[in-house]
Amino acid sequence: MIDLATWNLSVPVGSPPYTVETAKLVKGFKDQYFHSNTGKLFFWSPVTGTRTENAKYARTELRETYSNGTLRNWYYPEADNSLRATLAVNQVPSSGKIVIGQIHAFQSQKPMVKVEYQYKTSSNSGNIVAKVRMHPDDGEGRVITVATGVKLDQQFSYLIHLSPGGALGISAAGYQWDTNVSAKWRVKPLYFKAGVYVQDNTGYTSEGGKVTFSKLDIDHDK
């Protein structure tokens, strides 16, 4: 079983979208957008779902918390920080793009890291792409293709690792990419996110992103 005791969940229904608190998640919350009753985490977000404030797209996405449900934000120099996941992408919207993991910045519209699955009909497979802001005020940031040839319904793993010294490592489907982020990130409160954040907002209600996680784990090792 995946431990949900350090997450809350945003689902794309309601205005603003509904947040499922940690205690409710742990007790086995399920609806059409999320369930964990198979021991795996099932996420579904239609392109027509309601969107969080300032967002262009809908999401069914976990957000890091403490076990008492309060939001957890951390500074990277204080620990060795990692998010590990094993998952399969089951459906993509017509854009082919969904975000499956993030290091976000608190009260900011500019996350440090987005890990994105990008499906291409021509190859009948997808790339795992990292979008990284080296500095907190970067516009779009760098775009790096970490892995290629990942098919729909194919299980793969990713790791986002940020060391106390600012070394960022992103690995996916057996490949790895490394860099160092700007020291200006040191004073920014950060948090992990995981799930499905569709990069598309047009189409039928049956169009969207569907992902199944079989492993998901956060570590902040002092």
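Guide: The largest pocket holds about 1,100 Å³ of space, a volume being the space filled by probe spheres set on grid points that are joined across faces, edges and corners. Of the 36 residues that line the largest pocket, the closest to its centre are T52, A55, R59, H104 and Q109. The model is predicted: local features need pLDDT of at least 70 and side-chain atom pairs count only at pLDDT 80 or more, while totals for chains, interfaces and linings use all residues. Residues are numbered from 1 along each chain as its sequence is written, and side-chain values use heavy atoms, leaving out hydrogens and water.

Visitor: What makes a set of points a pocket and not a cavity?

Guide: On a 1 Å grid over the protein atoms alone, a cavity is a set of points where a 1.4 Å probe fits but cannot get out, whereas a pocket is an open set with protein on both sides within 12 Å along at least five of seven lines; lining residues have an atom within 4 Å of a point.

Visitor: How does the lining of the largest pocket divide by residue type?

Guide: The lining comprises 14 nonpolar, 11 polar and 11 charged residues. Ala, Val, Leu, Ile, Met, Phe, Trp, Tyr, Cys and Pro count as nonpolar, Asp, Glu, Lys and Arg as charged, and the others, Gly among them, as polar.

Visitor: Why is the pair of F34 and F43 called edge-to-face?

Guide: Rings of Phe, Tyr and Trp (its six-membered ring) pair if their centres lie within 6.5 Å; planes under 30 degrees apart count as stacked, over 60 as edge-to-face and the rest as tilted. By this rule there are four aromatic pairs. The ring centres of F34 and F43 are 5.2 Å apart and the planes stand at 70°, so this pair is edge-to-face.

Visitor: Why do F34 and F43 count as buried?

Guide: Buried means under 20% relative accessible area, exposed over 50%, and partly exposed in between (1.4 Å probe, protein chains only). F34 has 0% relative accessibility and therefore counts as buried; F43, also at 0%, is therefore buried.

Visitor: What makes the pair of Y57 and Y197 edge-to-face?

Guide: The ring centres of Y57 and Y197 are 6.4 Å apart with the planes at 65°, so the pair is edge-to-face.

Visitor: Why does K40 count as partly exposed?

Guide: K40 has 37% relative accessibility, so K40 counts as partly exposed.
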